[in-house]
Amino acid sequence: MQEIEQKDFVASTKEGVVLIDFFATWCAPCRMMGQILEGINEEIGDKVNIYKVDVDKNEMLARTYGIMSIPTLMIFKDGVAKEKHVGVWMQNECVDTLKKYL
């Protein structure tokens, strides 16, 4: 999974289904979510782009999307935010939700 910054955000989310993980390196639940995202990437990474955004490095972007707690995951479809999930998201639930947008 690639980490992106604010300057890359619009281009990275404008086409297809994209899952964004808003995280911080010091956050234990974020590290747990990172392992789950690896499984999601293995399962459906050919159909969904998965990116990580470090909220400490991209504060304005986090504010733009109302990120108050981490990890927060957002699903985008063709540049439009469709869903937001706060906290650790189990792999099967996340994959099922992503499949609705494929």
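Student: In this predicted model, where is Asp-78 found?

Tutor: Asp-78 has a positive phi of about 50 degrees, although this residue is not a glycine. Its relative accessible area of 47% makes Asp-78 partly exposed. As for its position, Asp-78 is found in the loop between S4 and strand S5 (80–86).

Student: Which residues of helix H1 are buried, and what do they pack against?

Tutor: Within H1 (residues 6–13), the buried residues are Phe-9, Ser-12 and Thr-13. Viewed down the helix axis, they fall within an arc of 85 degrees, so they line one face of H1. Lys-7, Val-10 and Ala-11, on the other side of H1, are exposed. The packing partners of the buried residues are strand S2 (17–23), strand S3 (48–54), helix H3 (59–64) and strand S4 (72–77).

Student: Asp-54 is buried; which side chain of opposite charge is nearest, and how far away?

Tutor: Asp-54 is found in strand S3. Leaving aside neighbours within four places in sequence, Asp-54 is in contact with Glu-3, Phe-23, Ala-24 and Thr-25. A salt bridge requires a distance within 4 Å. Asp-54 has none, and the nearest side chain of opposite charge is that of Lys-57, at 4.4 Å.

Student: Which backbone nitrogen does the side chain of Asp-54 reach?

Tutor: The cut-off for a polar contact is 3.5 Å. At 2.9 Å, the side chain of Asp-54 reaches the backbone nitrogen of Asp-56.

Technical notes. Residues are numbered from 1 along each chain as its sequence is written. This is a predicted model: local features need pLDDT of at least 70, side-chain atom pairs count only at pLDDT 80 or more; totals for chains, interfaces and linings use all residues. Side-chain values use heavy atoms; hydrogens and water are left out. Buried means under 20% relative accessible area, exposed over 50%, partly exposed in between (1.4 Å probe, protein chains only). Helices (H or I, at least four residues) and strands (E, at least two) are DSSP runs, numbered from the N terminus. The arc is that of the directions from the helix axis to the C-beta atoms. Contact means heavy atoms within 4.5 Å. Lys and Arg count as positive and Asp and Glu as negative; His and the chain ends are not counted. A polar contact is a pair of N or O atoms within 3.5 Å; within protein, one must be able to donate a hydrogen and the other to accept it, and residues adjacent in sequence count only if both atoms are side-chain atoms.
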